[in-house]
Amino acid sequence: MAFNSILRKSGSFARALAVTGQLTKTHHSYNTVLFSAINQHPNLNPLVPRFQFSSVAVKTKPTSDKNLIRVIESEIQCAEEDGDHTGDVVPSNFPFKIQDNPGQQSITLERTYQGEEIKVEVHMPDLVTGEGRDDDRDDDQESQGAPQSNLPLSVSVSKKGGPFLEFNCVAYADEIVIDSLSVKNPELSEDQIAYEGPDFQELDENLQKSFHKYLEIRGIKPSATNFLHEYMIDKDSREYLGWLNKLKKFIEA
């Protein structure tokens, strides 16, 4: 009797183990399918936190750069307020065509005169403001005269083919000084050194005066160079403003 009871209990226990094993197998299969679905569709797993990392660092401007930009902006505002652009107005009797390319320190003038091609390269003026002058200069320094603002010029006069004349000049308010005169031959190679003549100041005085007249009738005279002086001052202001804006753009990038 007791033995039969033990057998019944053993059979019940075995069936329970079989059912448990089947449930475990089914649960394991379910977990396998579930995790497979999650792996294939990450959005189906809202309970699992996910982290994304970027290799691109966020750029932040140093404080010194920000301060520099503010200073540049202030300087730009001052430059815009100071610019009057009065030198842009070309006189009606000005004989040259002006080629002014932004970003360059010089301009080019061109004209034709009795079959001659005349080109003038005008550089930035050498300004004398009077600041820093010493009132206690001795008599020798006074006798030399005060320095004046001036405008460097390079003038070339050419005809159809062949050599051309080149004058290096400095224009003052009331006169034009010829520093040098040379005859250029475009057919010579760079290795060939041509004779450029004596120093202009060593030429006969009448010859010097004649060359001054030569340039004057071709448009190189104080009335023209005084306008160019103002024009180049205005160009210098415009170029400075453009330079500041380029600096600001570079620092901000």
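In what order do the α and β elements of the protein run from the N terminus on? The order is α-α-β-β-β-α-β-β-β-α-α.

## Basis of the model

The model is a predicted one, in which local features need pLDDT of at least 70 and side-chain atom pairs count only at pLDDT 80 or more, while totals for chains, interfaces and linings use all residues. Residues are numbered from 1 along each chain as its sequence is written, and side-chain values use heavy atoms, with hydrogens and water left out.

## Overall architecture

The secondary structure comprises 5 helices and 6 strands. These elements are DSSP runs numbered from the N terminus, helices being H or I runs of at least four residues and strands being E runs of at least two.

Of the 253 residues, 22% count as buried. Here buried denotes under 20% relative accessible area, exposed over 50%, and partly exposed the range in between, with a 1.4 Å probe and protein chains only. Among contacts between residues at least 6 apart in sequence, 57% join residues at least 24 apart; a contact means heavy atoms within 4.5 Å.

## The cavity and its lining

Rolling a probe the size of a water molecule over the atoms shows where empty space is left. In this model the count comes to 1 cavity of 30 Å³ or more, and the largest cavity holds about 30 Å³ of space. A cavity is a set of points, on a 1 Å grid over the protein atoms alone, where a 1.4 Å probe fits but cannot get out; lining residues have an atom within 4 Å of a point. Grid points are joined across faces, edges and corners, and the volume is the space filled by probe spheres set on the points.

The lining of the largest cavity consists of Phe96, Leu109, Val120, Leu153, Gly219, Ile220, Ala224, Thr225 and Leu228. By class, the lining has 7 nonpolar residues, 2 polar and no charged. In this scheme Ala, Val, Leu, Ile, Met, Phe, Trp, Tyr, Cys and Pro are nonpolar, Asp, Glu, Lys and Arg are charged, and the others, Gly among them, are polar.

## Helix H5

Helix H5, residues 222-252, gives the most to the lining of the largest cavity, with 3 residues. H5 has 31 residues and spans 45 Å from its first C-alpha to its last, close to the 45 Å expected at 1.5 Å a residue. The expected span is 1.5 Å times one less than the number of residues.

The C-alpha atoms of Met124 and Leu151 are separated by 6.8 Å, although the two residues are 27 apart along the chain.

Glu116 lies in strand E3 (residues 116-122) and counts as buried because its relative accessible area is 8%. The side chains of Glu116 and Arg218 are joined by a polar contact of 2.7 Å. A polar contact is a pair of N or O atoms within 3.5 Å; within protein, one must be able to donate a hydrogen and the other to accept it, and residues adjacent in sequence count only if both atoms are side-chain atoms. Beyond four places in sequence, Glu116 touches Arg111, Val157, Ser158, Lys159, Tyr214 and Arg218.

Lys159 is in the loop between strand E4 (151-158) and strand E5 (164-171) and, at 58% relative accessibility, is exposed. Lys159 touches Gly115 and Glu116, not counting residues up to four places away. Gln114, in the loop between strand E2 (107-113) and E3, is exposed at 70% relative accessibility. The phi of Gln114 is near 50°, a positive value in a residue other than glycine.

Val170 belongs to strand E5 and is buried at 14% relative accessibility. Outside four places in sequence, Val170 touches Asn150, Leu151, Glu175, Ile176, Val177 and Asp179. Ser182, in strand E6 (residues 176-184), is buried with a relative accessible area of 7%. Apart from neighbours within four places, Ser182 is in contact with Phe164, Leu165, Glu166 and Glu196.

Technical notes. 1 Å grid on protein atoms, 1.4 Å probe; cavity = no way out; pocket = protein on both sides within 12 Å on 5 of 7 lines; lining within 4 Å.
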